[in-house]
Amino acid sequence: MKLQQLRHFLFVVEEGGFRAAANRANRSQAAVSESIKELEKTLNQRLFEGGNKATLTPFGKVCVPKIKQFLSSYQTLESELQTIASGDKGKLRIASAQSLVTKLLPNVLVAYSKKYPDIEVMLIDDNAIGIESRLLSGDVDLALCNRTSIKNADINFTTLISDPIGVVCLKSNKLSSESRLQGLKWQQLMMQSFIYNDTCILLENTPAEALNRKARYTVENITSLFSLLKNDLGITTLPKLAFPSNEPELIWINLLDPSLRRETGMFKLAKSSLSPPAQAFYDLCFAYVKDNYSL
């Protein structure tokens with residue numbers, strides 16, 4: 001059976017004749033008649049009584065509601081698939097490093113939700129190991145994280161934004177007054193108690209790696225990190241985007257020597273295409289950063 005044959009059959013029923021059905025189908029009467037004959041041949045039953053009155057046979061009467069139901073379901077399916085394909089409906093699953101959850105993602109998600117109000121968004125805050133695992137298992141469509149955090153041949157990375165590394169300490173710390181020239185050198189930090197966090201991996205293979213080796217505290221959670229900092233238990237280094245712009249007690253100071261930057265971007269499976277909702281978010285995220293960030 002062909003969809004066109006089923007439609008032609010309903011046209012004849014609804015229009016009350018082959019000529020009117022042919023006009024509705026924008027086909028010749030002969031073409032519609034042949035289409036019906038092919039359908040009857042496939043079903044091995046007549047749908048209309050003999051003659052041109054378009055009178056349904058008992059079998060034809062049974063077919064009408066069933067064909068109507070099928071074509072209605074087909075049209076609904078076609079519409080839903082087209083909507084999903086356009087990225088207007090569906091589900092988006094994103095994993096992200098915590099600093100991006102609090103700084104970048106909310107702004108992008110506001111714009112995304114306005115443009116695609118019917119997309120269901122699942123946001124997962126995880127560390128690099130968890131993010132990599134979720135990508136490889138297919139639990140998430142995309143991930144936003146530091147470039148150095150994930151190194152796997154099955155995962156592609158595209159840089160989204162590059163932000164500088166700086167020193168974070170209390171505003172009352174003497175380093176704050178020493179940074180009058182808008183920056184600090186790593187040697188100026190050596191007399192301070194140092195707190196190691198996940199982003200301090202960016203200091204490795206630089207002279208500032210000495211700070212990691214002398215760290216007194218190691219903290220994985222950024223909430224705990226800021227608690228230690230506010231209680232004057234030490235200083236740390238953080239990318240600029242990881243530091244709250246409205247923080248009242250702490251200050252972020254640019255690290256001049258070594259001058260380092262964190263490359264943050266989008267991770268996705270190398271050999272898999274993105275779903276339409278994920279592709280829409282991917283494109284919007286890059287457009288938003290281009291328009292709103294200049295670090």
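Keep in mind that the model is predicted. The helix pairs are α6 with α11 and α1 with α3.

**Helices α6 and α11**

- Helix α6 covers residues 105-115 and helix α11 covers residues 276-292; their axes sit 10 Å apart, at an angle of about 120 degrees.
- That angle makes α6 oblique to α11.
- As for handedness, α6 passes α11 in a right-handed crossing.
- On the α6 side, the residues that meet α11 are Leu 105, Asn 107, Val 108, Leu 109, Ala 111 and Tyr 112.
- On the α11 side, their partners are Pro 277, Ala 280, Phe 281, Leu 284, Cys 285 and Tyr 288.
- Sorted by class, this contact of α6 with α11 has 11 nonpolar residues, one polar and no charged ones.

**Helices α1 and α3**

- Here helix α1 (residues 3-15) meets helix α3 (residues 29-43), with axes that come within 9 Å and cross at roughly 115 degrees.
- The two helices, α1 and α3, are therefore roughly perpendicular to each other.
- The crossing of α1 and α3 is left-handed.
- From α1, the contact draws on Gln 4, Gln 5, Leu 6, His 8, Phe 9 and Val 12.
- From α3, it draws on Val 32, Ser 35, Ile 36, Glu 38 and Leu 39.

- Thr 236 counts as buried because its relative accessibility is 0%, and the cut-off for buried is under 20%.
- A polar atom of the Thr 236 side chain lies 2.6 Å from the backbone oxygen of Ile 195.
- Leaving out residues up to four places away in sequence, Thr 236 touches Gly 166, Val 167, Val 168, Phe 194, Ile 195, Asn 197, Cys 200, Leu 225 and Leu 229.

- With a relative accessibility of 0%, Ala 143 counts as buried.
- Ala 143 and Phe 267 are 124 residues apart in sequence, yet 5.0 Å apart in space, C-alpha to C-alpha.
- Phe 267 is also one of the residues that Ala 143 touches, along with Ala 95, Ile 131, Leu 135, Gly 265 and Met 266, again not counting residues up to four places away in sequence.

Definitions and conventions: Residues are numbered from 1 along each chain as its sequence is written. This is a predicted model: local features need pLDDT of at least 70, side-chain atom pairs count only at pLDDT 80 or more; totals for chains, interfaces and linings use all residues. Side-chain values use heavy atoms; hydrogens and water are left out. Axes are lines fitted to C-alpha atoms, for helices over the stretch in contact, and angles run from 0 to 180 degrees between N-to-C directions. Helices (H or I, at least four residues) and strands (E, at least two) are DSSP runs, numbered from the N terminus. Angles under 35 degrees count as roughly parallel, over 145 as roughly antiparallel, 65 to 115 as roughly perpendicular and the rest as oblique. A crossing is left-handed if the near helix is turned anticlockwise from the far one by less than a right angle, and right-handed if clockwise. Contact means heavy atoms within 4.5 Å. Ala, Val, Leu, Ile, Met, Phe, Trp, Tyr, Cys and Pro count as nonpolar, Asp, Glu, Lys and Arg as charged, and the others, Gly among them, as polar. Buried means under 20% relative accessible area, exposed over 50%, partly exposed in between (1.4 Å probe, protein chains only). A polar contact is a pair of N or O atoms within 3.5 Å; within protein, one must be able to donate a hydrogen and the other to accept it, and residues adjacent in sequence count only if both atoms are side-chain atoms.
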